[in-house]
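Here is a short briefing on a protein structure. Take a look at the sequence and the model, then read on.

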There are 2 protein chains.
Amino acid sequence: MGLIVQKFGGSSVADADKIRNVARIITETYRRGHNVVAVLSAQGDTTDDLIAKAAEINPKASKREMDMLLSTGEQISCSLCAMAIEAMGYPVVSLTGWQAGMKTNSAYSNARIKRIGPERILAELDRRSIVIVTGFQGVNKYDDITTLGRGGSDTSAVALAAALHADLCQIYTDVDGVYTADPRRVKGARKLDEITYDEMLELASLGAQVLHNRSVEMAKRYNVNLEVLSSFSGQPGTKVKEVTKNMEKVYVSGVAKDTDIARVAIIGLADEPGIAFKIFSMLGKENINVDIILQSIGRDQTKDISFTVGHGDMERVRELLEERKSALHYDHVDIVDTVAKISIVGAGMVNNAGVASQMFEALYSAGVNINMISTSEIKISVLVNKNEADRAVQAIHDRFFSQFGSHN
Amino acid sequence: MGLIVQKFGGSSVADADKIRNVARIITETYRRGHNVVAVLSAQGDTTDDLIAKAAEINPKASKREMDMLLSTGEQISCSLCAMAIEAMGYPVVSLTGWQAGMKTNSAYSNARIKRIGPERILAELDRRSIVIVTGFQGVNKYDDITTLGRGGSDTSAVALAAALHADLCQIYTDVDGVYTADPRRVKGARKLDEITYDEMLELASLGAQVLHNRSVEMAKRYNVNLEVLSSFSGQPGTKVKEVTKNMEKVYVSGVAKDTDIARVAIIGLADEPGIAFKIFSMLGKENINVDIILQSIGRDQTKDISFTVGHGDMERVRELLEERKSALHYDHVDIVDTVAKISIVGAGMVNNAGVASQMFEALYSAGVNINMISTSEIKISVLVNKNEADRAVQAIHDRFFSQFGSHN
C-alpha cells in the first residue's frame with residue numbers, strides 16, 4: 001500500500017463518459033489498497049470557452065480576474081469526477097487549489113508554487129478518502145486565486161507528489177508513453193519503458209510535448225518517480241526517473257523534431273571583442289531564448305553570428321536588431337523560418353563519441369543537408385530544411401532504432 | 001458619500017451586454033462618490049447547465065460536491081463583471097464567498113450565514129476599489145464551499161449590507177419594484193414607493209416573488225434599508241423599511257395570489273384531544289409548511305380538519321396520512337389542487353376591522369365563492385377556486401386601489 005498521485009489532462013475528462021473512465025482508473029488504484037490523490041485539468045474546451053467570454057467583455061482584462069475566471073474550469077471537472085466516484089460507492093472529496101493548500105507567488109496567469117500546506121489532504125487520506133485536487137491553480141499570500149500557466153496541472157501533480165512523499169506520480173494523457181520518435185510520423189517508433197529526467201527534459205524542450213519541462217524539472221529536483229501513460233489504453237506507460245536500468249546499453253532514447261523555430265543570421269559584424277555578449281545579453285533581457293549558436297569568420301575583418309529562436313520571437317528579434325544596428329555595426333540580417341531542428345537525446349551518448357557521426361552519416365545517406373550543429377552531453381541537434389525534416393527524422397530513427405540497426 | 005450594496009440577479013447578468021449594463025449601474029453609483037459592493041448571481045442558465053452536467057454523471061450526487069460545482073457560476077459572472085468595470089477604467093476586484101469572509105454553517109445546498117469577516121472587503125474599499133462579491137455562497141468551518149439555497153444571493157447582499165453597516169442595499173431585478181398586485185395580470189396595479197418589512201414578508205410568502213423571505217427577515221432584524229428596483233428601467237424602485245411615511249393612511253399595500261398550493265381535508269376524525277397536535281407535529285417533522293387551517297365539527301362525534309400546503313408537498317402529505325390512518329382514526333382524506341390563495345397585505349389593516357368585510361364584499365360582488373379564511377395582523381387570506389383566482393384578485397384590487405375606490 002502506497003500513495004499514488006494521478007494527473008488527468010483536459011482530453012481525459014472531456015465529457016461524462018471520459019470522467020467515468022477516469023473515476024474507474026482512480027477507484028481501481030484505490031481498490032488495490034493505495035491512497036489516491038488525483039489532479040485534474042479543466043474539461044476539454046472549458047478554458048477556451050471562458051477565454052472567449054472574457055474576450056467579448058474585455059480583451060485586455062487583468063490577469064488577476066482572468067485567473068479568477070479560468071480557475072472555475074478545474075473546479076467543475078473535479079466536482080464532476082468526485083460525483084462519478086460517489087456513484088461508484090467510494091469515499092471521495094474534491095478540493096480547490098486553496099483548499100488543497102497550494103500556495104503560489106503572485107504572478108497571475110503564470111504563478112509558481114511556493115509551498116504546499118498538505119494538512120487537509122492528509123486528513124482526508126487518513127480517513128481513506130480519495131482526494132481530487134484542481135490542477136493548474138493555487139492561491140497567493142493575499143488569498144487571491146492564481147493559475148500556473150502552461151503545463152500547470154502537471155506541475156500541480158508533481159508538486160503534490162513531492163509534498164506528500166508519494167510513491168509514484170502518474171501523468172495520464174492521450175498518448176501511452178514516451179516514444180523514440182513521434183509515432184504518428186515515424187515508422188518503427190517504439191515506446192520507451194524508462195527514460196531519465198534529463199532525457200525527458202531534452203525531449204520536452206525539443207517539441208515532444210508529453211510532459212511540460214517545469215514538471216519534469218520539479219520531479220528531478222524532488223526525486224519524484226513519474227510515469228507517463230494513457231488514460232484510455234490500460235497499458236503500462238513510460239517511467240521517468242533519475243537512473244534507468246538500461247542506461248549503459250542504450251545510447252539514444254529518442255529522436256525529436258522542432259519546426260516551430262526560426263534561424264537568425266547577423267552578417268558582417270565587426271570582428272571586435274564583446275559583440276556576441278552584446279547580442280545575447282540584449283536578447284536575454286527580452287526573455288528570448290536562443291538555441292544553436294554558430295559563429296564564423298567572414299571576409300574583410302568581419303564575422304557572422306547565426307542562432308535559432310522560437311518562431312514566436314522571430315519578429316521581435318528582427319525589431320531589436322534593427323533598433324541596435326548602429327551600435328552593433330553589422331552589414332545585414334537574414335532571418336528564415338524554413339528550417340527545422342532535429343535532435344537525438346540519450347543519457348548514454350556522452351560516453352559514445354561515435355553517436356554524432358552515426359547521426360550525420362544517416363542524414364548524408366538520406367541526402368539531407370545539415371545547416372548548423374549543436375551538441376550537449378545528452379543531445380545532438382542539427383538544423384535542416386523544413387521540407388526535409390520528416391525524412392531526416394525517419395533516417396535517424398532507422399539508424400538507431402531499426403531492428404536491424406547496428407547498436408541499440 | 002456612503003456605502004451602497006447592490007445585488008444583481010441572474011437575468012441581470014445573462015449575457016455580455018447585460019453585464020456591461022450592470023457595470024454601468026455600479027460605476028455610476030461609484031462616480032457619485034459612493035463606495036460600492038456588488039453581489040452577483042450566476043448568469044442566466046449557468047446553474048441549470050451545471051445541474052444538467054451533474055445529473056448526467058450522478059443524479060444522487062452529494063450536496064457537498066453539488067455546492068463545489070454550482071459555486072463556480074457566480075465566480076464566472078463576478079470575474080466577467082469585474083472585467084467589464086476594468087474596461088471602463090475603474091478600480092475593481094472580484095471576490096468569492098470565502099475571500100469575502102462569508103462564513104456559513106455546514107448545511108450544504110441550504111446553508112445559513114453565521115458571520116461575515118469583512119476585513120478584505122473593507123481593505124479594498126479603503127483603497128477606493130469597487131468590490132464584486134459572489135452571491136449565494138460561503139464557506140463552512142472546514143473551509144468547504146457551501147451554497148445558501150433559494151434566494152441566496154439576496155441574503156448574501158443583505159448580510160453584507162448589515163456587516164458593513166451599508167447605508168442602502170439595492171436589489172436589482174427584472175421588475176421595477178413592488179406592486180399592489182401582479183402588474184402583468186391585474187389592471188390598475190400600481191408600484192409602491194415604500195413598504196414595511198412585515199408587509200414585504202407577507203407578500204413574498206404569498207407568491208409575489210420579488211424578494212426572498214430570508215433576505216427580508218434579515219433586513220428587518222438588522223434594520224437594513226432595502227430598495228427593490230429594475231436593472232433596466234433606471235427608475236426609482238420600492239423602498240423596504242421599518243416604518244413608512246404613509247402607514248397611517250394606507251390600509252392595504254398589495255394583493256397577492258398563490259396558485260402553487262393544495263388543500264388537504266381530513267374528514268371524520270375522532271373528536272378527541274390532541275388530534276390536531278398529532279397531525280401538525282407529524283407534518284412539522286417532515287418540514288412541510290402548513291398554511292390556512294380550518295377545523296369544523298362534523299357529524300356523529302367526529303370533526304374535520306382542513307389546511308393548505310405547498311403543491312410540491314401534496315403527494316408526501318397524502319402518503320404520510322395514509323401511513324398513519326390507523327393511528328389518527330379518520331374516515332377519509334380529500335386533497336385538491338384546484339384552489340388558489342388570495343391575500344391582501346397591509347400594516348395599516350390591524351386597526352381597521354372594516355378591511356376584511358370590504359374584501360369579502362368585493363368577492364361577493366364578483367361572484368367568487370370563499371372556501372376558507374385566514375387572518376393575521378397584517379394579512380387576510382382566502383381560499384378560492386383556481387379558475388376564479390384572477391377575477392378575485394382584480395375585484396379586490398379594484399376595491400382597494402381603484403382611483404374611484406372608497407378609501408386608500
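Which side chain meets A:Lys379 in a salt bridge? The partner is A:Glu202, with N and O 3.7 Å apart. A salt bridge here is a side-chain nitrogen of Lys or Arg within 4 Å of a carboxyl oxygen of Asp or Glu.

This is a predicted model, in which local features need pLDDT of at least 70, side-chain atom pairs count only at pLDDT 80 or more, and totals for chains, interfaces and linings use all residues. Residues are numbered from 1 along each chain as its sequence is written, chains are lettered from A and ligands numbered from 1 in the order in which they are written, and side-chain values use heavy atoms, with hydrogens and water left out.

- Helices (H or I, at least four residues) and strands (E, at least two) are DSSP runs, numbered from the N terminus.
- A:Lys379 is buried, at 9% relative accessible area. A:Glu202 is buried too, at 17%. Buried means under 20% relative accessible area, exposed means over 50%, and partly exposed is in between (1.4 Å probe, protein chains only).
- A:Asp198 pairs with A:Lys220 in another salt bridge, where the closest N and O atoms are 3.3 Å apart. A:Asp198 sits in helix 6 (residues 197-205) of chain A and A:Lys220 in helix 7 (residues 213-221) of chain A, so this pair joins parts 22 residues apart in sequence.
- A:Asp198 is partly exposed, at 32% relative accessible area. A:Lys220 is partly exposed as well, at 30%.
- A:Glu65 and A:Arg64 also meet through their side chains in a salt bridge (3.0 Å, N to O). A:Glu65 is buried at 0% relative accessibility, and A:Arg64 is buried at 11%.
- Over all chains, the count is 39 salt bridges.

**Where the chains meet**

- Chain A gives 41 residues to the contact, and chain B gives 41 residues. Contact means heavy atoms within 4.5 Å.
- The two chains bury about 3400 Å² between them, with 59% of it on carbon and sulfur atoms. Buried area is the accessible area (1.4 Å probe) that two parts lose on being put together, summed over both.
- A:Ile57, A:Met83 and A:Trp98 supply 20% of the area that chain A buries against chain B, more than any other three residues.
- Between chain A and chain B there are 2 salt bridges. One salt bridge joins the side chains of A:Asp144 and B:Arg120 (2.9 Å, N to O).
- A network of salt bridges links A:Arg64, A:Glu65, A:Asp144, B:Arg120, B:Glu124 and B:Arg127.
- There are 22 residue pairs in polar contact between chain A and chain B (both at pLDDT 80 or more). A polar contact is a pair of N or O atoms within 3.5 Å; within protein, one must be able to donate a hydrogen and the other to accept it, and residues adjacent in sequence count only if both atoms are side-chain atoms.
- Helix 3 of chain A gives the largest share of the side of chain A that touches chain B, 16 residues.

**How the copies are related**

- Two copies of a chain are related by a rotation about an axis and a shift along it.
- Here, a rotation of 179 degrees with 0.0 Å of shift along its axis superposes chain A on chain B (RMSD 0.4 Å). That is the relation of a two-fold axis. Copies are superposed by least squares on the C-alpha atoms of residues with pLDDT of at least 70 in both.
- Of the residues of chain A, A:Thr72 comes closest to the rotation axis, at 2.5 Å (C-alpha).
- The copies meet through the same surface, because 100% of the interface residues of chain A are also interface residues in chain B.

**Covered parts of chain B**

- In helix 3 (residues 63-70) of chain B, 7 of the 8 residues are buried. Among them are B:Met66, B:Met68 and B:Leu69.
- B:Gln75 is in helix 4 of chain B. B:Gln75 is buried, at 3% relative accessibility.
- Leaving aside neighbours within four places in sequence, the contacts of B:Gln75 include A:Thr72, A:Gln75 and B:Thr134.
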